[in-house]
Amino acid sequence: MIARYTREVMAKLWSPEEKLRAWLLVEVLAAEAWAKLGKVPESAIKVIQEKTRPFLEKGFSPEDVSQVEEIERETRHDVIAFLTYMERVIGPEGRYLHLGMTSSDMLDTAMAWLMKRAMEIILEDTDELLEVLKRRAFEHKDTVMIGRTHGIHAEPITFGLKFALWYEEMRRNKRRLEAALETISYGKLSGAVGTFAHIEPEVEAYVCEKLGLKPEPVSNQVVQRDRYAEYMAALAVMAGTVEKIATEIRHLQRTEVLEAEEFFAKGQKGSSAMPHKRNPILSENLCGLARMVRGYVMPALENDALWHERDISHSSVERVIVPDATTLSDFMLKRLTGMLDKLVVYPERMKKNLNLLRGLIYTQPLLLALTEKGLPRQEAYVMVQRRAMEVWEDESKTFPEVVKGDPEITKHLSSHELEKIFDLSHYLRHVDTIFNRVFK
């Protein structure tokens, strides 16, 4: 992923240096397991640990990466190039690395460890976003605004209810991400076709335990890619929620609406041509990045079907989609959290927009009141709609005034009953109930 959309924590995690460190960690742990089984001499494992400790503690340098890549240009095999380099570093004892293993034993186990760590970062981001959503939900629990369906005014809600809805959905995303974390946290060191022909199950168990992984119950040459597909799908659903929130902010910031607005910093510029512009650039950016994350799901799904015990058609895909999707997800969650934390809200504009249709928000309670008086629903509907269209087409009129002056309606409803119908608080009487459900 380009630096523009990459935070440092993810840049480091998916760097070539960290990849080699993950590979080496798997190899050294496997050698330690063999030593415990008596297959690797104790003297050899001490040399291996001593020579590899600087790489595991301080990491690989760009020069190390460059030398591995130089070897790969000759071998045309990244794992062999890596092992060749490490044998040069370790000396004769380096022959005990990769004992009984195939490339995917190391690659898949190291990738699971990296993906696990990436998801843990994303889950931390999710918790931070949930905190902001909850805080702003309670801040605006009673901030009344118009609800919209099809983009058209419907009935009153509160801005806090929007945040509560986003909070609940993001909490479901967290559960999906946690499930994906569990699904991906499996390693595999079972040999060329998964039969443990040249390696012992105890080696796999030792390595996985040290890395916080579980042994894949059954594998062929690879960990099965349905695990990756689930992981990517969870990220994609989460990205969809991010886009949903960002799309709403974009709509609320439109000039004609302007009920909420992204924070506009001093010195910030909105347009190279029009100095007055204050655009929802963060929200628009998030909508675009969400398309990217969703786009990675299909390749992940297609990677599940490999030839027989394995081919490498999945490999090139995963080198791109896994680092990119996790990096973008991390970036998106952080950006959304910051944007919502500083979101500027205009309650007075919300109140103004709420009254834009001069009381047409009260058509449903009037319809219900008439049916409760015994009128057939469709007859009552036509009666209310007729008065609503009159107000819609004449800006000098308000719905309560038109209704109160309609003898066809007032013969069924008293002035007191009409006042209750035109009471805004009726719409909001269960907000606390909803909040108690969400934030229990």
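User: At what angle do helix H7 and helix H19 pack, and how far apart are their axes?
Analyst: H7 (residues 159–184) and H19 (residues 431–438) pack at about 20 degrees, and their axes are 10 Å apart. That makes H7 roughly parallel to H19, a label for angles under 35 degrees. Helices here are DSSP runs of H or I, at least four residues, numbered from the N terminus. Axes are lines fitted to C-alpha atoms over the stretch in contact, with angles from 0 to 180 degrees between N-to-C directions. Note that this is a predicted model, where local features need pLDDT of at least 70 and side-chain atom pairs count only at pLDDT 80 or more, while totals for chains, interfaces and linings use all residues. Residues are numbered from 1 along each chain as its sequence is written, and side-chain values use heavy atoms, without hydrogens and water.

User: Which residues in H7 and H19 meet?
Analyst: From H7, Gly160, Leu161, Ala164, Tyr167, Glu168 and Arg171; from H19, Val431, Ile434, Phe435 and Val438. Contact means heavy atoms within 4.5 Å.

User: New topic: how do H6 and H9 pack?
Analyst: Helix H6 (residues 103–139) packs on helix H9 (residues 226–253) at about 20 degrees, with axes 12 Å apart. That makes H6 roughly parallel to H9.

User: Is H6 passing H9 in a left-handed or right-handed crossing?
Analyst: Left-handed: the near helix is turned anticlockwise from the far one by less than a right angle.

User: And which residues in H9 are met by H6?
Analyst: Tyr228, Tyr231 and Leu235 in H9, which meet H6 residues including Asp108, Met111 and Ile122.

Technical notes:
Helix = DSSP H or I, 4+ residues; strand = E, 2+ residues; numbered from the N terminus. Parallel < 35°, antiparallel > 145°, perpendicular 65-115°, else oblique.
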